[in-house]
Amino acid sequence: MAASVDDASLMRLALEEARGCVRHGDVPVGAVVARGDEVLASAGNARELLGDPTAHAEILALRAASEAIGTWRLDGCSLYVTLEPCAMCAGALVLARVDRLVFGARDAKAGFAGSLGDLVRDPRLNHRVEVASGVLEDECAELLRAFFRDRR
């Protein structure tokens, strides 16, 4: 599916969350959950900050969105994330019944929304997520490249 102007605006919010991760040494990935043009939640990676291997931006944003609307079912919602989700996060999107995933940079080593696998659109599952990829891809990828370049 093609990206829209609104996709770019919401991805910019996800990029802001990602930039904040660098301050506490986390890989700069940011996520935003929106229902229509209403932002329900946003988060950045916090594995290092929280000492929690599940504290990926997507998981934290999904939890906060569920809390904001009072249910775990996030149908009618879209998740914007700067990096293609891993298997854990892709599975969480399916289980939360998210309608749409919009991501920036592909992750050839861990991505499960088309790169290594395609969990979010697996026809064997009871829910499939619509996917738009490559939104602000260059900005998203450069933020990650700079982070890892600076760590070497």
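A residue counts as buried when its relative accessible area is under 20%, as exposed when that area is over 50%, and as partly exposed in between (1.4 Å probe, protein chains only). By this rule Arg124 is exposed, with a relative accessible area of 74%, whereas Asp122 is buried at 12%.

The structure is a predicted model, in which local features need pLDDT of at least 70 and side-chain atom pairs count only at pLDDT 80 or more, while totals for chains, interfaces and linings use all residues. Residues are numbered from 1 along each chain as its sequence is written, and side-chain values use heavy atoms, with hydrogens and water left out.

**The sheet**

Helices (H or I, at least four residues) and strands (E, at least two) are DSSP runs, numbered from the N terminus. Two strands pair if DSSP finds at least two bridges between them. The model contains an open sheet of 5 strands with mixed pairing, in the order S2-S1-S3-S4-S5. Strand S2 (38-44) and strand S5 (130-133) each have a single partner strand and stand at the edges, so one side of each is left without a neighbour in the sheet. On average, neighbouring strands of this sheet are turned by 15° against each other, direction ignored. Such angles rest on axes, which are lines fitted to C-alpha atoms, for helices over the stretch in contact; the angles run from 0 to 180 degrees between N-to-C directions.

Strand S3 (residues 78-83) and strand S4 (residues 100-105) run parallel and are joined by 5 bridges. Tyr80 stands opposite Val102 in S4. Helix H3 (residues 57-69) packs on the sheet and touches strand S1 (30-35), S2 and S3, where contact means heavy atoms within 4.5 Å. The direction of H3 makes about 145° with that of S2.

**Salt bridges**

Side chains of opposite charge can pair when their charged atoms come close. A salt bridge is a side-chain nitrogen of Lys or Arg within 4 Å of a carboxyl oxygen of Asp or Glu. The count by this rule comes to 7 salt bridges, including those in the table.

| Salt bridge | Closest N and O atoms |
|---|---|
| Arg19 and Glu16 | 2.7 Å |
| Arg121 and Asp118 | 2.9 Å |

Arg19 and Glu16 both lie in helix H1 (residues 5-21), 3 residues apart, about one turn of the helix. Arg19 is partly exposed, at 36% relative accessibility. In the second pair, Arg121 is partly exposed at 36%, and Asp118 is partly exposed at 29%.
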